[in-house]
Amino acid sequence: MYDILIVGNGLAGLSAAITCAEAKARVLLVSSNQPERSQSVMAEGGINAALDQKGEDDSPAQHLADTLRAGCDLADAQAVAGLTTAAPEIIRWADRLGTVFSRDEEGRVDQRCFGGQKKKRTAYANAGIGRQLMAALSRQCRKLESEGRIEVREDLRLVSAALGDRGCCGGVFRRVGGGEPEGIAAEGLILCCGGPGGLFGNNTGSLLSDGAAAAALFSQGAAMADLEMIQYHPTTAAGPGKRLLISEAARGEGGRLFTYKEGKPWYFMEEWFPEGGNLMPRDVVSRSIYKVVRELGLGVEGRDEVLLDISFLPKEVLDTRLAEICRNCRTFLGVDPAREPIPVWPGVHYFMGGFYVGADHACSIPRLWAAGECACQYHGANRLGGNSTLGAIYGGRVAAESALGASPLYSAAEKEALLEREARRQSELAAAFSGRLRPPRLRQELQQVMREGMAIFRSEEQLAAALGRLYSLEEEARGLAGGAEAADSLTLTGQMRLARAMLLSALARRESRGAHQRSDFPARDDAGFRCVTVAQYGADGNINVGFRPIGADPCK
Amino acid sequence: MQVILRVKRQAGPESRPYWQEFSCEAGPDSSVLSLLEEINSSSPLTDAAGAEALPIEFESGCRQMGCGACAMLIDGYPRLACATFLRQLKLKEGVITLAPLSKFPLLRDLHVDRGVLTEDVKRMKLWLNHDAVVDKKELPYAYQSASCLMCGCCAEICPNYQAGTAATGSAFTGAAVMNQAYRAASQYPPGKERRRLLKENVAAGQGHCSRTLSCLRVCPLELPLDYIISRGNHMYLKSLFERDKSHEK
Ligand SMILES: Cc1cc2nc3c(=O)[nH]c(=O)nc-3n(C[C@H](O)[C@H](O)[C@H](O)COP(=O)(O)OP(=O)(O)OC[C@H]3O[C@@H](n4cnc5c(N)ncnc54)[C@H](O)[C@@H]3O)c2cc1C
Ligand code: SF4
Ligand code: SF4
Ligand code: FES
């Protein structure tokens, strides 16, 4: 019996768990893997905070303004103010825990330039901030675990939440590698399960962030917000079966984007945006690259590619601050960035949308919280590089604080009954599959549909076509395999439902803002759409998409 | 080209292992991981003889040498499947042999439980009870040691490593855990706590390490394990003569 159950051990989950343990709550941290494997370890470029130590007169208020501007005024200003105010202290905390940040001459945490921000505000650790933060936070968690202040399971996958009429009372899990659903009771559940990259495939993230948990909770009625807001990172390369991220750090350190025009290098970002240049916010850079290739027909050798040049940077910068990037290029692309430019094209990278939460990270269902990339908070219509590791750590903390001290909603016996009922329901749903179609095949088709439907530019026609294809995949899904693959079949049908909600959200927002660009509605429309897109799955099997004011309480 | 993937399979820790062959189409730049994914996503899934087969179980995540999940024995050598390309393999008669890491408890097929590495970290209490201090000289190595993927390749190849159980840990922890001991020690000021960590590391780490440096050769990140191991030793010897400075300042 736990006070708080946390699912996912990326930065958000670890931060939530540490907060709970320090408040002496009985907390269980569950994940399907050890923290060393979480997508958070992949973060490269850095983490933002207005430490104001570069003599540039920086402040949390400017960090707030930059975040809101990049998010095209769709983020909740009050929540973001909390984030940017807490940021400097979060860096100092991570530093005390032993995160190995890169240092300046005076031995202070160094900071670099990142897109969409004029000040040097991104604290970094060469090109491996995620690994370093995770090493420090997971070490702290293990210490708390050995002191008996956190319990940890690293072999369970969340399949659903146990919900009664008053709210959530725990989760239902399956053991990794098979086994029947089993329930774990708690007064509250914090979801830190990462973004739904698995709905798209060929993205920059980890296969572990598959969106299955979010899809399951969506199917149970949790509302989702701004699902149409998907960040294409402007500089990703064609790796083996995935888009390999070339971190913004490459441009932060001076890297330049170009293509060939009339045989000569053309630095289009510098020409089009003399001030921001290569470091404009990500949505702007992605659209510019798209324009160069698709509209001007200037892709390198006719391919969907432009070039990113870092070869002229000092060797010392390439070998330290950009070491991981250079290594990845050599290993996975066969490109040596010290000698030749890197071919890049925008790729699916980050999800600004997710669980509809308030400033306290509470979801639309009582006793359910969400933090990190799975939640819709802080980033609006476009996320600033360096703000999501920050948002994950801060969000995990806020979610934990608001979950702490929740008084029991149900008696122990009621909880038991609800958990048992949900576990039984999950077994029955899985047992209904008895076809021959293997889930991985159909999942690949789903991913194809989503990549085409939710491309950088969208239109009614394109989205409707994707929706049509998705309906027929959902039809085909009735023939999915049972037996050993039944659980995966069930997961896939959930993922399809969440995918449908994304397409419907994109259809509903008939304007262009940040990451959501409609070729049929090219203008931003503040009067009509400066509000949150909310998608909800109803008991009738339909998905309802509506709009709510920014900053409203999801529970009301 | 056509290749045969020869995979060691085992339904569970108590089941009998067997070998199964799968055939697939691949190029020199295909990674071993992409072949496994290809096989697992075919419908129906059949082995080289055309018989229906169960999906192959293995771990993966980042697909870019960043998470350590996909370590396995590839032609007998511990490597990351996502960062091992066909052009690097001998491909004798077009065959690639895949087996689980042998030093860790098997869960199923190529999936093993590397939790024992974490158990060692906990048993040896390799963490800070003090705010981290920054020793500029150690910083680059502390960075490298924190980059460790906990993939277990170093432990697999090490002549002296034999994993214990989750309850007991192993007698000798291997390079990955020595790494963690070094990093924690380098973040303490000289004094009692640092000495404790270093002593712990001598008892369960360096004391058993014969400096063959096989670990260095297999580490996918080419971490400077030789430096880290000898640095740990150096810090230990020094600590025997040091005053306790952790309460000063
Ligand atoms: C290549 C790359 C580079 C990036 N670089 C930066 C950067 O420089 N700066 C920045 O700010 N951001 C960056 N980001 C984004 C940032 O890393 C992530 O948004 C952030 O780390 C997300 O943390 P999280 O805790 O929300 O989720 P994750 O780290 O994704 O963790 C989710 C966890 O939940 C687990 N989980 C998922 N489903 C289940 C389930 N059903 N049951 C149990 N467990 C489950 C997963 O296995 C995982 O352990 C980058 C992202 C990528 C992909
Ligand atoms: S140096 Fe040799 S004995 Fe020591 S950890 Fe490495 S492989 Fe093992
Ligand atoms: S030291 Fe290298 S081989 Fe060993 S676990 Fe770490 S990354 Fe893997
Ligand atoms: S999949 Fe992450 S290291 Fe291979």
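Begin by selecting ligand 1: of the 38 residues around it, Asn33(A), Ser38(A), Ser40(A), Glu373(A) and Ser388(A) come nearest (a residue is near if one of its heavy atoms lies within 4 Å). The model is predicted, so local features need pLDDT of at least 70 and side-chain atom pairs pLDDT 80 or more, while totals for chains, interfaces and linings use all residues. Residues are numbered from 1 along each chain as its sequence is written, chains are lettered from A and ligands numbered from 1 in the order written, and side-chain values use heavy atoms, without hydrogens and water.

Next, select Gly46(A), where a polar backbone atom is 2.8 Å from a nitrogen atom of ligand 1. At Ser31(A), a polar side-chain atom lies 3.4 Å from an oxygen atom of the ligand. At Arg383(A), a polar side-chain atom lies 3.5 Å from a nitrogen atom of ligand 1. The protein buries 99% of the 1,000 Å² that ligand 1 exposes when taken alone (Shrake-Rupley method, 1.4 Å probe).

Now display both chains. Here 51 residues of chain A are in contact with 53 residues of chain B (heavy atoms within 4.5 Å). Select Arg37(A), Arg139(A) and Arg438(A): in chain A they lose the most area to chain B, together 17% of what that side buries.

Finally, select Glu52(B) and Arg436(A), whose side chains meet in a salt bridge at 3.4 Å, N to O (a side-chain nitrogen of Lys or Arg within 4 Å of a carboxyl oxygen of Asp or Glu). Two salt bridges are found across this interface.

Conventions. Polar contact = N/O pair within 3.5 Å; in protein donor to acceptor, adjacent residues only side chain to side chain. Buried area = accessible area lost by both parts, 1.4 Å probe.
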